Amino acid sequence: MARIGFIGLGDMGEVIVPRLLDAGHHVKGWNRTAGKDEALLALGMTRAASPADAATDADVVFSIVTDGAAVEAVALGVDGVLQGLSPDAVYLDMSTVSPTVSRRVAAAFAEAGRVMLDAPVSGSPVTIVQGKASVMVAGDVAAYERVRDVLLAIGPKVSYIGDSGLAVQAKLSVNLLLMVEVIAFGEAVALAEKGGVERSVAVEAILNSVAASPVLAYRGPFILEGNMPEKPLADVTLQQKDMTLVLEQGRTLGMPVPMAASANEMMNACRGLGIDRNDFVIAHEAYRRLGGLSR
């Protein structure tokens with residue numbers, strides 16, 4: 001069994017760590033905000049004093065944090081992962097960040113004689129708990145082979161994508177599709193309502209149609225009265241952070257991403273209407289209000 005350092009115990013980390021513990025691995029965790037690790041400590045995780053401490057004596061180190069600045073801080077900063085990682089260990093960042101940031105961090109590790117892989121997770125806390133999440137990995141292929149069995153404890157679908165930065169590039173494309181799909185779902189239901197179809201009937205019709213998908217199966221019912229989760233799977237701000245990365249990639253690569261731009265505008269609408277603290281499927285409500293439907 002592996003000795004694992006885990007950095008970032010937020011919504012994703014708090015459901016990934018139990019899977020690693022259940023697989024028999026020893027996990028030493030650190031979180032920027034104190035007090036979020038109590039439940040995980042009760043499950044058997046030990047507490048690290050810093051990212052460097054989490055990496056010390058670890059075989060594998062994971063991080064999953066909010067954005068590129070946070071990745072660079074926990075990986076390369078004072079008391080960062082690089083300060084504690086041994087030459088034989090592997091560091092995997094699972095955050096959704098810019099490929100440029102990911103490659104910059106990987107290059108710093110390589111210069112120090114260490115290995116960093118980008119390994120973003122495709123899935124929500126729900127799919128991780130259900131054992132249905134997937135992990136995409138990029139970077140040194142030999143290092144990937146060494147850690148693949150550990151990754152399989154997180155989710156059953158683990159894929160090697162290619163050179164450094166390509167896994168986060170692929171993740172942005174997945175998130176682009178996910179966001180457009182959910183936004184289009186909200187648009188479709190609101191249009192049906194405007195035409196006189198009951199909301200619950202419209203949702204059921206879509207979920208029973210050829211347009212149905214796993215993400216709509218568990219997110220679609222959220223828009224029924226009283227069903228919106230108090231704790232969002234991904235709120236508007238978080239999802240818009242990812243879309244900003246997609247738009248930046250489109251500009252950098254000279255690639256048109258008009259669907260991403262339109263979906264991002266609906267996130268702006270949600271923020272303007274003051275409903276952005278909800279899961280981003282709340283775009284359905286933005287469509288309703290813009291279409292003149294009552295709240």
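At 30% relative accessibility, Tyr160 is partly exposed, and that makes a handy way into this predicted model.

**The Tyr144–Tyr160 pair**
- The two ring centres sit 5.2 Å apart with the planes at 40 degrees, so this pair goes down as tilted.

**Strands β8 and β9**
- Strand β8 (residues 134-138) runs parallel to strand β9 (residues 157-162), and 5 bridges pair them up.
- To get from β8 to β9, the chain goes through helix α8 (residues 141-151), making a right-handed β-α-β crossover.
- Across from Lys157 in β9 you'll find Ser134.

**Another ring pair**
- The model has 3 aromatic pairs in total.
- One of them is Tyr91 with Phe109: centres 5.0 Å apart and planes at 25 degrees, under the 30-degree cut-off, so the pair is stacked.
- Tyr91 comes from strand β5 (residues 90-93) and Phe109 from helix α6 (residues 99-111), so to speak a link across 18 residues of chain.
- Tyr91 is buried, at 0% relative accessible area, and Phe109 is buried with 0% as well.

**The second largest pocket**
- This pocket has a volume of about 170 Å³.
- Its lining takes in 13 residues, with Arg199, Ile223, Met228, Ile282 and Glu285 nearest the centre.
- Sorted by class, the lining holds 6 nonpolar, 3 polar and 4 charged residues.

Technical notes: Residues numbered from 1 in each chain as written. Predicted model: local features only at pLDDT ≥ 70, side-chain atom pairs only at ≥ 80, totals over all residues. Heavy atoms only, no water. 1 Å grid on protein atoms, 1.4 Å probe; cavity = no way out; pocket = protein on both sides within 12 Å on 5 of 7 lines; lining within 4 Å. Points joined across faces, edges and corners; volume = space filled by probe spheres on them. Nonpolar A, V, L, I, M, F, W, Y, C, P; charged D, E, K, R; others polar. Pairing = 2+ DSSP bridges. Helix = DSSP H or I, 4+ residues; strand = E, 2+ residues; numbered from the N terminus. Right-handed = clockwise from strand over helix to strand, strands pointing away. Phe/Tyr/Trp six-rings, centres within 6.5 Å; stacked < 30°, edge-to-face > 60°. Buried < 20%, exposed > 50% of the residue type's maximum accessible area, 1.4 Å probe, protein only.
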